[in-house]
Amino acid sequence: MNPTNNTSDMQTLPNVAAVRGYLLGLQENIIQGLGKYESQAFLRDAWQKPQSSSGLQGGGITRLVEEGSFLERGGVGFSHVFGQQLPPSATAHRPELAGQAWEALGVSLVLHPRNPYVPTVHMNVRVFISGPVFWFGGGMDLTPYYGFEVDARHFHATCQAALAPFGSDRYPAYKRWCDDYFFLKHRQEPRGIGGIFFDDVSSPDFDTCFALMRSVGDHFLSAYLPIVERRHAMPYGERERNWQAIRRGRYVEFNLVFDRGTLFGLQSGGRSESILMSMPPLVRWQYQHQPPPDSPEAELLTYYLQAKDWLQSA
């Protein structure tokens with residue numbers, strides 16, 4: 001298996017209606033699952049984007065909570081957009097598609113819980129289509145502020161289970177891809193403890209790739225909610241909130257400097273409010289901040305924010 005294979009099977013045409021139906025159902029299922037912990041109703045913002053000077057048009061549904069009981073800010077967005085030509089971020093490795101019409105569908109979420117002991121989480125599943133050519137992408141990754149091995153092992157085990165039906169080599173490859181992708185080069189540190197990430201996936205055929213995407217989406221709640229259940233009632237104070245705000249700064253830095261989805265959306269003339277839904281509500285930068293030695297905050301940096309095989313760490 002070559003996870004970077006982006007040569008589509010030209011005999012299997014993309015089924016846009018099936019993808020759209022699945023993604024809308026996934027968005028609703030996730031909202032319902034989070035309702036056990038979030039008492040505030042998710043705002044529902046159905047939006048349409050008229051054709052812009054860049055040729056982009058389409059629409060979507062943004063579901064958002066701000067200042068909730070569990071989520072300080074959290075959004076689950078669906079989008080289905082069209083364009084007359086792919087932006088530079090998408091054609092850098094596909095020059096043959098420059099100038100071609102395209103469409104993209106996806107569900108993307110970022111959840112920023114108020115309690116610093118509950119990790120921030122990101123999940124995205126998507127497909128890009130240009131004529132008969134398609135490629136799937138997505139994944140999920142966890143960004144804790146305080147580390148717990150049981151949480152790390154559970155999250156990675158669920159990611160492995162999502163990919164197991166598609167070959168034993170998928171999880172190691174996509175985990176490594178996640179570790180490499182969610183890395184702040186200017187800081188020389190990872191954004192979190194990883195998970196899985198994949199992009200440009202189009203082999204062996206559309207149906208198989210679509211099934212893989214569905215499996216990743218369907219495993220999200222089982223990956224995250226058991227962690228929420230263990231941590232959401234843990235007491236915290238000003239120290240923990242301050243550390244959370246400092247580490248959230250790294251999240252902002254990655255999203256605005258490196259994230260391909262953010263860059264694609266902004267370069268293609270996408271809807272800024274939906275694209276920047278991933279940003280945390282409160283962030284702090286402190287000059288040359290270093291946590292006290294042997295503290296839980298230091299342990300996050302020295303032990304948890306290190307690439308490792310979490311399935312073997314016990």
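**Close-up views of a predicted model**

By class, eight nonpolar residues, one polar residue and one charged residue make up the lining of the second largest cavity, where Ala, Val, Leu, Ile, Met, Phe, Trp, Tyr, Cys and Pro count as nonpolar, Asp, Glu, Lys and Arg as charged, and the others, Gly among them, as polar. This is a predicted model, in which local features need pLDDT of at least 70 and side-chain atom pairs count only at pLDDT 80 or more, while totals for chains, interfaces and linings use all residues. Residues are numbered from 1 along each chain as its sequence is written, and side-chain values use heavy atoms, with hydrogens and water left out.

**View 1. The largest pocket.** About 220 Å³ of space lies in the largest pocket, a pocket being an open set with protein on both sides within 12 Å along at least five of seven lines. Of the 14 residues that line the largest pocket, Arg187, Ile246, Arg250, His289 and Gln290 are the closest to its centre. Helix 7 supplies the largest share of this lining, with four residues; helices (H or I, at least four residues) and strands (E, at least two) are DSSP runs, numbered from the N terminus. By class, the lining of the largest pocket divides into five nonpolar, four polar and five charged residues.

View 2. The structure holds 17 salt bridges, each defined as a side-chain nitrogen of Lys or Arg within 4 Å of a carboxyl oxygen of Asp or Glu. In one of them the side chains of Glu67 and Arg114 meet at 3.3 Å, N to O. Glu67 lies in the loop between strand 2 (57-66) and strand 3 (71-83), and Arg114 in the loop between strand 4 (102-113) and strand 5 (120-130), so the pair ties together parts that are 47 residues apart in sequence. Glu67 is exposed, with a relative accessible area of 51%, given that buried means under 20% relative accessible area, exposed over 50%, and partly exposed in between (1.4 Å probe, protein chains only). Arg241 forms a salt bridge with Glu72, with the closest N and O atoms 2.9 Å apart, and this pair links Arg241 in helix 7 (residues 238-257) to Glu72 in strand 3, 169 residues apart. Arg241 is partly exposed at 23% relative accessible area, whereas Glu72, at 2%, counts as buried.

**View 3. The Asp199 and Arg126 pair.** Asp199 forms a salt bridge with Arg126, the closest N and O atoms lying 3.6 Å apart. Asp199 belongs to strand 9 (residues 194-201) and Arg126 to strand 5, so the pair ties together parts that are 73 residues apart in sequence. Both Asp199 and Arg126 are buried.

**View 4. Aromatic pairs.** A search of the whole structure finds 23 aromatic pairs, where rings of Phe, Tyr and Trp (its six-membered ring) pair if their centres lie within 6.5 Å, and planes under 30 degrees apart count as stacked, over 60 as edge-to-face and the rest as tilted. Phe134 and Phe206 form an edge-to-face pair, 5.3 Å centre to centre with 85° between the planes, which links strand 6 (residues 133-143) to helix 5 (residues 206-218) across 72 residues. Both Phe134 and Phe206 are buried. The rings of Phe182 and Phe254 have their centres 5.2 Å apart and their planes at 40°, so this pair is tilted, and both residues are buried.

How values were computed
1 Å grid on protein atoms, 1.4 Å probe; cavity = no way out; pocket = protein on both sides within 12 Å on 5 of 7 lines; lining within 4 Å. Points joined across faces, edges and corners; volume = space filled by probe spheres on them.
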